[in-house]
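Subject: Structure for you to look at

Hello,

I am passing on a structure that you have not worked with before. Please look through it first; my notes follow below.

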Amino acid sequence: IDYPHGEYRPGDQLWLREISLEDTARAVNRDVLVPRRNGRYAFGRLIDRSGDKIGVLPPGHGEKQQVVENPAWIGVAEMLVRKL
């Protein structure tokens, strides 16, 4: 993590596990990283899935939901590593 995002601090390492779009039901309400078009990514809480679209709520107050259509993969947060 390069700069603060919600509960994450600069210097934190977030380890992710890749899941398929079909396995999103077990990742609802967890933090995810999802590839978007043009080499960009969406990061935040997985809040919705409708067909081949998923809704990701970025960390922080007042952020708007990002909808990603047919992502190739979803990275679910598994472990947070923070230096003391």
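Among contacts with a separation of 6 or more, 50% join residues 24 or more positions apart. Please keep in mind that this is a predicted model.

The secondary structure consists of six strands and zero helices, so along the sequence the pattern reads β-β-β-β-β-β.

Strand E6 (residues 74–81) pairs with strand E1 (residues 13–19) in the antiparallel sense, through seven bridges. Within this pairing, Trp15 has Met79 in E6 as its bridge partner. E6 also pairs with strand E2 (residues 31–35), again antiparallel, over two bridges.

On the aromatic side, the count is two pairs. One of them is formed by Tyr41 and Trp73, with 6.2 Å between the centres and 45° between the planes, which makes it tilted. Tyr41 belongs to strand E3 (residues 41–50), while Trp73 sits in the loop between strand E5 (66–69) and E6, so the pair ties together parts that are 32 residues apart in sequence. Trp73 has a relative accessibility of 24% and therefore counts as partly exposed, since buried means under 20%.

The C-alpha trace spans about 40 × 25 × 25 Å along its principal axes. Of the 84 residues, 29% count as buried. The protein exposes about 5,900 Å², and carbon and sulfur atoms supply 47% of that area.

Regards

Note on methods: Residues are numbered from 1 along each chain as its sequence is written. This is a predicted model: local features need pLDDT of at least 70, side-chain atom pairs count only at pLDDT 80 or more; totals for chains, interfaces and linings use all residues. Side-chain values use heavy atoms; hydrogens and water are left out. Two strands pair if DSSP finds at least two bridges between them. Helices (H or I, at least four residues) and strands (E, at least two) are DSSP runs, numbered from the N terminus. Rings of Phe, Tyr and Trp (its six-membered ring) pair if their centres lie within 6.5 Å; planes under 30 degrees apart count as stacked, over 60 as edge-to-face and the rest as tilted. Buried means under 20% relative accessible area, exposed over 50%, partly exposed in between (1.4 Å probe, protein chains only). Contact means heavy atoms within 4.5 Å. Accessible areas come from the Shrake-Rupley method with a 1.4 Å probe; for residues, only the protein chains shown count as cover.
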